[in-house]
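These exercises go with the structure shown below. Try each task before reading its solution.

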Amino acid sequence: MNSAVRRACVMGHPISHSRSPMIHEYWLAQLGIAGRYELVDRAPGSFADFFTRLAEHGYVGGNITVPHKEAAFRLVARRDAIAEAVGAVNTVWYEGARLVGSNSDPHGFIANLDAVAPGWGAAGSRAVILGAGGAARSAAYALIERGADVALANRTIERARALAGHFGTHVSGHGFDALPALLPNADLLVNCTSLGMVGKPPLEIDLAPLKENALVCDLVYVPLETPLLARARARGHRIVDGLGMLLHQAGFGFEKWFGVMPKVTQELRALLEADIRK
Ligand code: NAP
C-alpha cells in the first residue's frame, strides 16, 4: 500500500450495511484526494484490541458505529466536550500518538435542520424528542446548545428521566402518555426511536394535538419517508428526513482525516437515495 494514501475506516458489527464508505469515497474522488475509507467488522470481543492499535493497522482515524460507540468512549486517550456530553464516541483521529474521540451526530442533526428548514428558530423553541437512546442524547444536546427547551418522551420512562437528569434544566423526561399534553406546544417533533425503520413496527402516535406549524423530523432514514413523516406531511407539517443528518455528520471526520471540509451536495444525496431505494 502506498504510504501517501491516508486510510480511515468505519468499525462496527455487523457493518456491511453501512453507507459511510459511499459518502467518503464520493468526497475523496470529488476532491482528488489519495485516500481510502474501509469497512472493518469487529465483534465486541476483538474490538478493543483493534481500536487501540488503529495506527498500527494503517489508519489515521475512523468512525465507530453500533455496538462499539460506548466502548470507544472508554478507550480513547482524550474526549472532546461533545463526546463527554453525549456519552458516546463515533469519530476518532490522532493528535500525535493519542487517539482523540468526538461525536459528530449533534452537529449532523442541527446542520441538517439548518440546511433543510432555514430559520426553524431553535432559541426559545420547544422540542419534543421521542426516545432516550444514543440518538436522542445527540439530538437533545444539539437542541439545548441552540437554546431550545426539550421534552423527552420514551417507552421506558425511567430512561427519559435519567437522560433529562443528565442534561439538567431545560430538559424534562416523560412517558408516551404525556404526548397529548406536550405536542400542542411543540415547535419541533423528532423521532429518535428505531420505530418506523424497515423491519420494525411503525411509530404509532397521534399527531392531531401537534402544534399546527411544528416541524417534524425523523432520524430513521430507511425508508427515506417513514410512516411518521408521511402522516406529518399529509397534515401540512414541514418534514425533515434522517438521511441529511447522516450526510452532514460525516464531514467532521473527513476533515480530521483528510484535511478538507467536504460539501453535502445534491449529487451525493441522490447517490445515497438511489442506494436506499434499491
Ligand atoms: P438505541 O440507543 O437503541 O435507542 C432506541 C430507542 O428506541 C429507545 O428510546 C427505545 O426505547 C426506543 N424503542 C425501540 N423499540 C421500541 C418500541 N417497540 N416501542 C417504543 N420505543 C422503542 O438506538 P439509537 O442509537 O438511539 O438509534 C435510534 C434510531 O436513530 C435508529 O433507527 C438509528 O438508525 C437512528 N439514527 C440515525 C442517525 C442519522 O444519522 N440519521 C444517527 C443515529 C441514529 P426504550 O428505552 O424503551 O427501549
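**Exercise 1.** Find how many bridges join β5 to β6 and which way the two strands run. Then follow β6 to its other partner, β4.

*Solution.* 
Step 1. β5 and β6 are antiparallel and are joined by five bridges. Strands here are DSSP runs of E with at least two residues, helices are runs of H or I with at least four residues, and both are numbered from the N terminus. Two strands pair if DSSP finds at least two bridges between them.
Step 2. Within this pair, W93 stands opposite V100 in β6.
Step 3. The hairpin of β5 and β6 has two residues between the strands, and G96 in that hairpin takes a positive phi near 65 degrees.
Step 4. β4 and β6 run parallel and are joined by two bridges; the partner of R79 in β6 is G101.
Step 5. Four of the five residues of β6 are buried, so the strand is largely enclosed by the rest of the structure. Buried means under 20% relative accessible area, exposed means over 50%, and partly exposed lies in between, with a 1.4 Å probe and protein chains only.

The model is predicted: local features need pLDDT of at least 70, side-chain atom pairs count only at pLDDT 80 or more, and totals for chains, interfaces and linings use all residues. Residues are numbered from 1 along each chain as its sequence is written, and side-chain values use heavy atoms, with hydrogens and water left out.

**Exercise 2.** Write down the strand order of the open sheet of six strands, and state which strands stand at its edges.

*Solution.* 
Step 1. The order is β2-β1-β3-β5-β6-β4, and the pairing is mixed.
Step 2. β2 (35-41) and β4 (78-79) are the edge strands; each has a single partner strand, so one side of each is left without a neighbour in the sheet.
Step 3. Helix α1 packs on the sheet and touches β1, β2 and β3, with a direction at about 170 degrees to that of β2. Contact means heavy atoms within 4.5 Å. Axes are lines fitted to C-alpha atoms, for helices over the stretch in contact, and angles run from 0 to 180 degrees between N-to-C directions.
Step 4. Helix α2 (residues 44-51) lies across β1, β2, β3, β5 and β6 (98-102), and runs at about 155 degrees to β1.
Step 5. Between β3 and β5 (residues 91-95) there are three bridges, and these strands run antiparallel. G61 stands opposite W93 in β5.

**Exercise 3.** Locate the cis peptide bond from H13 to P14, the one from V66 to P67, and the positive phi at H170.

*Solution.* 
Step 1. As background, most residues other than glycine have a negative phi, and most peptide bonds are trans.
Step 2. The bond from H13 to P14 is cis, with omega near 0 degrees. P14 sits in the loop between β1 (6-12) and α1 (20-31).
Step 3. The bond from V66 to P67 is also cis, with omega near 5 degrees. P67 belongs to the loop between β3 (61-64) and α3 (69-75).
Step 4. H170, a residue other than glycine, has a phi near 80 degrees. Its place is the loop between α7 (157-167) and β9 (171-174).

**Exercise 4.** Is T226 buried or exposed? Describe its surroundings, then do likewise for L163.

*Solution.* 
Step 1. T226 is in the loop between β11 (215-218) and α9 (227-234).
Step 2. With a relative accessible area of 1%, T226 is buried.
Step 3. Leaving out residues up to four places away in sequence, T226 touches G196, D218 and V220. Its side chain makes a polar contact with the side chain of D218, at 2.6 Å. A polar contact is a pair of N or O atoms within 3.5 Å; within protein, one must be able to donate a hydrogen and the other to accept it, and residues adjacent in sequence count only if both atoms are side-chain atoms.
Step 4. L163 is part of helix α7 and is buried, at 4% relative accessibility.
Step 5. L163 and R137 are 26 residues apart along the chain, and their C-alpha atoms are separated by 7.4 Å.
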